[in-house]
Amino acid sequence: MQTHKWTRRAFGAVIAAAALASPLMTQMALALTLSGAGATFPQPLYEKWFFEYNKKNPDVKISYQGIGSGGGINQFTNKTVDFGASDAAMNDEQLQKAGGAQKVLMLPLTAGAVAVTYNLPGVKSGLKLTRLALVNIFLGKITKWNDPAIASVNRDVKLPDLPVAVVRRSDGSGTTFIFTNHLSAIKGSDWGDKVGKGTSVNWPTGIGAKGNQGISAQVQQTPGAIGYVEYAYATENNLPVAAVENREGKFVLPSVPATKAALDGTKYPENFRVFIEDPDGPASYPIVGLTWLLVYKDNADKSKAAEIGKFVDWALTEGQQYVEPLKYTPLPPALAERVKKAADQIK
């Protein structure tokens, strides 16, 4: 009899537990998961956005892999993710591979600066680099930190007699596109003829590292190193950054206000594909760019499509409070409104 009583009680407990678990299991079953991949440039901001969006929408989870803009475009084209992300807007050939420009939306969500960071013992942020010195460092023509091209504009800095160790991206990278796009636009430079611009280029010198994270780590552990990273990574890792000469001849440190100044006056076409090569204005930091979310207008999963549209609207409204604290630059208000309207096409 005792055995039968225990069995009935145990069975009742199982039924009760199942009843309690049922709502949770139902909620898990109904949870919506979006997957994305691409640029490491905006990854700290995207991860913050996805975390906060999930807090407001517990039934929606957004996962993101920072694999570089080139990888993001490839996965988006192959439809292995729900959205891609790139700091280089897709070119005509890439759009054609993705089904044609009429099927793809490239939605800019934020902007940022590409900082030039270095590891020089005793040298803090603010080292001045002229436009041509920057080019010649990455061409491998300037090989010592006390080279006159650097020393002549840094007379109050004791520059070490250290070899320059260039660190650059080894993966397809929108950050590389922004950086090389600027170097190619500098007048009097032969960068455009010798190397050119792109998410991946044939570097004449340097050590390759993957992602903004990889560049930051390599610079940190290599005395004499110089590299380029999204500004947020430099500040997050306490890396010193250079004051880079702009086209007005002013040396400007990367910052949110200096990025905003660079964006002023930029005209944005209907598809938002624009590149800021060498911005005007004495207050402008010269190496800046937008970063785009890549989505299809027509999607097989309508619930996912609707959620992506909702996320874009949230990111450009309530989500803006997280942008500047992470050292990114909000879109100009008129542009943000246009992007939200364009996102209505996601079906």
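Biologist: How many residues of domain 1 are in contact with how many residues of domain 2?

Modeller: Before counting, note that this is a predicted model, in which local features need pLDDT of at least 70 and side-chain atom pairs count only at pLDDT 80 or more, while totals for chains, interfaces and linings use all residues. Residues are numbered from 1 along each chain as its sequence is written, and side-chain values use heavy atoms, with hydrogens and water left out. If contact means heavy atoms within 4.5 Å, then 20 residues of domain 1 touch 22 residues of domain 2. The bounds, which come from an automatic or database domain assignment, are 33-112 + 290-344 for domain 1 and 116-263 for domain 2.

Biologist: What area do domain 1 and domain 2 bury between them?

Modeller: The size of an interface is often given as the accessible area lost when the parts come together. Here, with a 1.4 Å probe and the loss summed over both parts, the two domains bury about 1,600 Å², 63% of it on carbon and sulfur atoms. Thr40, Phe41 and Lys327 supply 31% of the area that domain 1 buries against domain 2, more than any other three residues.

Biologist: Which side chains meet in a salt bridge between the domains?

Modeller: A salt bridge requires a side-chain nitrogen of Lys or Arg within 4 Å of a carboxyl oxygen of Asp or Glu. The count between domain 1 and domain 2 is one, and Glu324 and Lys260 form a salt bridge at 3.0 Å, N to O. By this rule the count comes to 15 salt bridges, including that of Arg273 with Asp92, whose closest N and O atoms are 2.9 Å apart.

Modeller: Strands of a sheet pair through backbone hydrogen bonds, either parallel or antiparallel. Strands are DSSP runs of at least two residues, numbered from the N terminus, and two of them pair if DSSP finds at least two bridges between them. The order in this sheet is E5-E9-E10, with mixed pairing. Strand E5 (128-129) and strand E10 (251-252) stand at the edges, each with a single partner strand, so one side of each is left without a neighbour in the sheet. Two bridges join strand E9 (residues 243-245) to E10 in an antiparallel run, and Val244 stands opposite Val252 in E10.

Key:
Helices (H or I, at least four residues) and strands (E, at least two) are DSSP runs, numbered from the N terminus.
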